[in-house]
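Hi everyone, thanks for making time. Let me put the structure up on the screen, and then we'll walk through a few spots together.

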Protein chains: 4
Amino acid sequence: MAGDSFGKLFKVTNWGESHGKAIGAVVEGCPAGLELSEQDIQPFLDRRRPGQSSITTRRDEKDQVKILSGTVDGITTGTPISLVIENQDQKSKDYSEMAKIFRPSHADFTYQKKYGIRDVAGGGRSSARITAGHVAAGAIAQKILQKSLGTEMVGYVKSVNDLVLAIDSADIDASLIEQTPVRCPDLVLAEKMIKRIEMARKNGDSLGGVVECRINSVPVGLGEPVFDKLEADLAKAMLSINASKGFEIGSGFAGTLETGSSHNDVFINEHGKVKTKTNNSGGVLGGISNGMPIVFRVAFKPTPTLIKTQQTVTIEGQETEFHGRGRHDPCVLPRAVPIVEAMAALVLCDHFLRFRVYKGLFDL
Amino acid sequence: MAGDSFGKLFKVTNWGESHGKAIGAVVEGCPAGLELSEQDIQPFLDRRRPGQSSITTRRDEKDQVKILSGTVDGITTGTPISLVIENQDQKSKDYSEMAKIFRPSHADFTYQKKYGIRDVAGGGRSSARITAGHVAAGAIAQKILQKSLGTEMVGYVKSVNDLVLAIDSADIDASLIEQTPVRCPDLVLAEKMIKRIEMARKNGDSLGGVVECRINSVPVGLGEPVFDKLEADLAKAMLSINASKGFEIGSGFAGTLETGSSHNDVFINEHGKVKTKTNNSGGVLGGISNGMPIVFRVAFKPTPTLIKTQQTVTIEGQETEFHGRGRHDPCVLPRAVPIVEAMAALVLCDHFLRFRVYKGLFDL
Amino acid sequence: MAGDSFGKLFKVTNWGESHGKAIGAVVEGCPAGLELSEQDIQPFLDRRRPGQSSITTRRDEKDQVKILSGTVDGITTGTPISLVIENQDQKSKDYSEMAKIFRPSHADFTYQKKYGIRDVAGGGRSSARITAGHVAAGAIAQKILQKSLGTEMVGYVKSVNDLVLAIDSADIDASLIEQTPVRCPDLVLAEKMIKRIEMARKNGDSLGGVVECRINSVPVGLGEPVFDKLEADLAKAMLSINASKGFEIGSGFAGTLETGSSHNDVFINEHGKVKTKTNNSGGVLGGISNGMPIVFRVAFKPTPTLIKTQQTVTIEGQETEFHGRGRHDPCVLPRAVPIVEAMAALVLCDHFLRFRVYKGLFDL
Amino acid sequence: MAGDSFGKLFKVTNWGESHGKAIGAVVEGCPAGLELSEQDIQPFLDRRRPGQSSITTRRDEKDQVKILSGTVDGITTGTPISLVIENQDQKSKDYSEMAKIFRPSHADFTYQKKYGIRDVAGGGRSSARITAGHVAAGAIAQKILQKSLGTEMVGYVKSVNDLVLAIDSADIDASLIEQTPVRCPDLVLAEKMIKRIEMARKNGDSLGGVVECRINSVPVGLGEPVFDKLEADLAKAMLSINASKGFEIGSGFAGTLETGSSHNDVFINEHGKVKTKTNNSGGVLGGISNGMPIVFRVAFKPTPTLIKTQQTVTIEGQETEFHGRGRHDPCVLPRAVPIVEAMAALVLCDHFLRFRVYKGLFDL
């Protein structure tokens, strides 16, 4: 009930703290017979790991994953897969000052009040560091989806502050995404974003933005009526990522400005396959995938860690000033991309397995 | 696993179809000792029921709720509460045409493909009619929250198409919300919205918009780390509502245009109580309520039901035309308000009970 | 979290009280495309209903089940099936005396202490009456199992007090079970059991006994490692039935008197099919069905309701006497048979659906 | 859905294989503020570990547990506790023969058929070795129960084959249990049991028996109506332990030989406290603890591993002979005692937390 598990049939249980001995995840529900080794997972972690470029935090973690169970001779056995990543660059700095105050827009205050105790070092459990476990588990989900359905996740930075990518998700050249550290597939705009982020870092400030994700080759039928709609589970997954403040699918908030007659996606028959002419629905109808690409966006706030002096209170409630310093991401967007993809993969893989339960049981 | 249950400690299981004999919900986890009768629930259903005003569908359902279990002499006993609402105005119209085609942007297509069968009448299980069960269950949740914590839900229509309420959530006069059938607390704007909706109906078209919800008197500590963050569960709840396409909390998507130094909510001590000066966080930090009001918004697309001719395909995949007719809501926003409040109440009540499990077990 | 739901993929949520307006169950996870009407369920309820013979309680309930959702034209649609049974013969007797005392070996005491309130009439939620919902849901599970796998449940009374059926489960003539109201497939022994039960009734006393159940045509592979072993879920299901005090599978407690060399079930090849020579395992190995019949036994205590004077305490804790009267079952065994079968069917159907998730996903 | 998690509010997720790199468990739901270090857990593991005496397997594992998360400065923080035990004495023997056949009454056959692959070494996931994770998690549960309620687990060997302890659970001298390696609190009988087990080992054979467990100081009110009855969850817990074949609570199977008038536990007032005169109920009424000691028994079959030649089949189904050799427990009973206690503690701790949710929320 403590909120550390995600998924019903493909389930991930996450554990660990930012500066503890290790972080990890246990994956239940991975089918037997899948080829799986650390090499399948590491590239995903490398895209998320700190210290990968000039625009991310300088904390240096190799994030080497170990598989401790669930495979034999590089093949999954259907039993839980225990993934462990040791923490290495835990700065042995003095946390006594941070223990006494609450950093603005961080979780220090709420953890302290909820539990009466908190792991101060690096934010403990509230740190985005623990999303490494999501990415590791998501790598397995992506392999299952890719192998079974050919499903492909295309995530990228849609905006940093007011620098907005103007290309429609259908027209993205995915090969460009990884060409810059900011993961925006418009190379000119990417340069501008990088400069803007570097400037924010110089100012000790931070920036927010939007990640967009397009998922290709999703079959019709994933998602369940009423509460476990595919978009509902995606929304939960995305709002569970650190610093996220919003989610929209298909036309999203902008779609509220249209009328039904302009917004409806009419069905067409394209070479014998039913499709919709437009995709304002973002790939879902009534909570169930309709075979069109799934397209959604996630808003991330500016990182709350600043190298500035901010007003705050002590744990006794006295007003004081907090002088931020240390390592931080001036903009979480580039590293958020693989996390968004991983969480989406967890949702889809779970619904793919759920779909298998009933499909074709009785002829109709 | 079929997605019809919501909540972990305060759990609702929803059942029923638009034109079946009845719809209902079973509520598990309601504590013993609460005064509860149909009169506590009916006012909430009356706000959601069809036929309540000129801008909603003309289907006439009284939506009279019956409590079949879980109370004795008007007091809850801690056992499941079975809520049943009989369907009355099921139009015995001919569904044979609708059975043969897929209505654009409705769930006909995905249900047919997923299950191989669908309940055609009124959209069956995919109809928003089944949210009556959410509202009935949410009424119980709201009573528990109100009685235990004084928590109050203030939902209202923030926009209809491009008619946007300019008042900040903190400055809303809640007494105005129910004064117009459109549930917008600016009476001049409300009139405009009503006219716009009536015009859409005349044109056989439909409109979308945004519901905003402010929740007052939420204690610090509701929500769990990592996956079951309060905003994650709210996002799931909101995206599970029919026709919703987006969710944002606090500054949301607009917050991505700020910098960390303008966006951070600094802590202050106001007459001995720790608060934040601003509320860009929307009442949550690290997934846990921080004692400030919870403020979020939900985007609803224009109703897909139109009294127009639209292109579509038959269930065999042949292109054809669909001539919409019958009863429908030209804009779901007014009736969405009590549904949004109900779903938010289910989330908060669940997290309130979860909070009670651990709180104060060991002294610190 | 309140314990009213059972199953993961095939899930039943039970509600209702002994003398409330109705009792019922919501079944989630029934696949689409199954022919299903009240006529499929009623015969199972008729075997469980009170008043069916001279050796059961005289409360007269027709237990007519209604399906309120989840089917269209007699075919399941994959959505929740709401089953309702109205209570009819609620004796409007005076419960004021019973409200003041705790009946020995009944749940009055624990419900009162746990909840601070209890539904006194007929035992409220603690009554075995609510197992009618189990039987109705179990009928659907049995239809799915029968249609998909040919699985067949053969439950019968193995003993009443010291009258013990000496026939091995493999040699039972199932056609004899329903020939007597006591449901023991040895007609001579059945007569003795009936007489013994009638004598107990005359004395205002009651008897216990054992139900044995053999499940034929279970495929290899149902059940999960570690915690959700098939026998573990069966044990939970059986111990959840009112008045049950024990469960054993295969050789059970008697098997502890053997040595490994006499107890092990060696594998043989019978006409090309791998079987075990003996079935001390009761059809499970390592928590997973091995293709042999599943054989288990459930112990039921003597009914605690007696037409006798018994010592007890009042709700204030004062010692007093309780004079039992009214309708009761002098022996629950005959009516327990369909309940045991229903609960076993719920377990197997759930594991059958779970089995389908992973089976054959990756070639090996 | 794969069955590797146990508990709802106090939840354990188990992972690992007999001869993998490590085994472990993640504990979710441990409240913040509990003093906890490896020293709290190790003594429980030492009672379960192999190689502890002449009557257990000679596999030598130190079973040193490490806590990787969830505590700071030796205090729990309310976040998941990751427990890891490295495997050390994995015999690098040749498993090629064992890979080709199915050992009788082991899980080789069912795992192979279910998954199409199995971890042959030491039985992989089906090995009782993975119960080390249960014991480690159970140690935390026992600390919570002990500190909060004073609850105490007293498990012991009730019988080995036909050597049966004649002392009633109420009269056990718990200080004698650990005085012999067989964990039977009658020292004379214990000697006989040890000799019997040693003789079985010499013969390459094995023995079964019964563990009895008495739980003192359980408050009234743990357990939930209908499906999550305390005895139902205990039954599931016990039948999930390797080699267990039966469970009974209170009078159990023997109680079926009594009449209601001899079996009912009448209520008395003892010095102002309501108790029952007898405890045939075993501490539960209607699925809820009644404040009397909880007493239950678990049957364990003779270990299936024998140093004998047995008939079996190959994985292709051909009949063959299997020549058992290697290390094994000739009788699992002594090492089963701490496992039974641990699983019971997990059940009770889960229900204790569930109890806290609702208790005292509304005054009555």
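Okay, look at chain B, and find helix 1, residues 38–48, and helix 3, residues 131–149. This is a predicted model, by the way. The axes of those two helices come within 9 Å and cross at roughly 135°. An angle over 145 would count as roughly antiparallel and 65 to 115 as roughly perpendicular, so helix 1 of chain B is oblique to helix 3 of chain B. The crossing of this pair is right-handed.

Who's doing the touching? From helix 1 of chain B, you've got B:D40, B:I41, B:F44, B:L45 and B:R48. Helix 3 of chain B brings B:A132, B:V135, B:A136, B:G138, B:A139 and B:K143. Sort the residues of that contact by class and you get seven nonpolar, one polar and three charged.

Now let's hop over to where chain A meets chain C. Each chain puts in some residues: 17 from chain A and 17 from chain C. Which helix gives the largest share of chain A's side? That's helix 7 of chain A, residues 333–358, with four residues. By class, chain A's side splits into eleven nonpolar, four polar and two charged.

Last stop, the largest nonpolar core, which has 437 residues. Which of them touch the most other members? A:L346, B:L346, C:L346 and D:L346. Let's zoom in on D:L346. Skip its neighbours within four places in sequence, and D:L346 is in contact with D:F6, D:G7, D:F10, D:V12, D:A137, D:G138, D:A141 and D:A237.

That's my tour, thanks!

Key. Residues are numbered from 1 along each chain as its sequence is written. Chains are lettered from A and ligands numbered from 1 in the order in which they are written. This is a predicted model: local features need pLDDT of at least 70, side-chain atom pairs count only at pLDDT 80 or more; totals for chains, interfaces and linings use all residues. Axes are lines fitted to C-alpha atoms, for helices over the stretch in contact, and angles run from 0 to 180 degrees between N-to-C directions. Angles under 35 degrees count as roughly parallel, over 145 as roughly antiparallel, 65 to 115 as roughly perpendicular and the rest as oblique. A crossing is left-handed if the near helix is turned anticlockwise from the far one by less than a right angle, and right-handed if clockwise. Two residues are in contact if their C-beta atoms, placed from the backbone, lie within 7 Å. Ala, Val, Leu, Ile, Met, Phe, Trp, Tyr, Cys and Pro count as nonpolar, Asp, Glu, Lys and Arg as charged, and the others, Gly among them, as polar. A nonpolar core is a set of buried Ala, Val, Leu, Ile, Met, Phe, Trp, Tyr and Cys residues joined through C-beta atoms within 7 Å. A residue is buried if 20 or more other C-beta atoms lie within 10 Å of its own, exposed if 12 or fewer, and partly exposed in between; C-beta atoms are placed from the backbone.
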